[in-house]
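Reader: I'd like to go through the ring contacts in this one. Can you take my questions in order?

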Amino acid sequence: RWEANPLDEEDCTLYRRARDLTGIEPVVAHNSYLINLASPEPWLYEKSLAALVEEMRRASLLGVSSVILHPGAHMGSGEEQGIARVAAALSRALEEVGPPMRILLENTSGQGTSLGYRFEHLASIFERIRQPARMGVCLDTCHLFAAGYDIRTGEGYSRTMREFDRLLGIELIAAIHTNDSRKDFACRVDRHTHIGKGFIGLEAFRCIVNDRRLANVPKILETPKGDGLRLDRMNLAVLRRLVGR
């Protein structure tokens, strides 16, 4: 939905209490999938920008300082024009909602006319933003693989991370979505599956959980869910067995 019920003080209090009790830190929020800051349609572009600002304000009320966003789809207008629109919208949003709020751009699989499937796209957006220090990246492993970054081996993982570091800087990675892929390499299709059960395999995840540069980066499962937490526990157990190996 485009609209959300306003957060009242009781909502915020209950959330902060739960956060204190669980000790989960840091917390990041994910934007609505309706938002498309690359749209050439003025009505959708402005509606998307307003929705992003509202998401950022809601996160600020809860004390969540990072909001994850897909760059958007250019809808046939071309990558260069789409990138320019995304950067302009993000600059406006960061002016509307001040620090410590920051935006994390998520890499995409490249499905359709989506932007962000190449590191060059993200770098170009960052270069045009008026407050780049308030930006970061959420790296999604399924999206990486589907977009054509072969992380299945230690060598492939190292090569991919070197390329990211060259274009953006490893220090910009502020969150990781750890997901295997139901579709094969460079398919440009976004289909997540359980860790080690897809076409990526275990080696990429072994590299991630043992990469000291990423030790303090939150790693989030967007793997298939069932009733209760059984499947999440299964995926977490697989990742934990890879630590130190």
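Reader: What sits over the ring of Tyr 117?
Author: The charged end of Arg 188, 4.1 Å from the ring centre. A charge counts as sitting over a ring if NZ of Lys or CZ of Arg is within 6 Å of the ring centre and within 35 degrees of the ring normal.

Reader: And what are these values based on?
Author: The model is predicted: local features need pLDDT of at least 70, side-chain atom pairs count only at pLDDT 80 or more, and totals for chains, interfaces and linings use all residues. Residues are numbered from 1 along each chain as its sequence is written, and side-chain values use heavy atoms, with hydrogens and water left out.

Reader: How many aromatic pairs are in the whole structure?
Author: The search finds 3. Rings of Phe, Tyr and Trp (its six-membered ring) pair if their centres lie within 6.5 Å; planes under 30 degrees apart are stacked, over 60 edge-to-face, the rest tilted.

Reader: Why is the pair of Phe 119 and Tyr 149 called stacked?
Author: Because the planes are at 20°, with the ring centres 4.2 Å apart. Phe 119 is in helix α4 and Tyr 149 in the loop between α5 and α6, 30 residues apart. Helices are DSSP runs (H or I, at least four residues), numbered from the N terminus.

Reader: How are Phe 119 and Phe 164 arranged?
Author: Edge-to-face, 5.2 Å centre to centre and 90° between the planes. Phe 164 is in helix α6, 45 residues from Phe 119. Phe 119, Tyr 149 and Phe 164 form one aromatic cluster.

Notes. Helix = DSSP H or I, 4+ residues; strand = E, 2+ residues; numbered from the N terminus.
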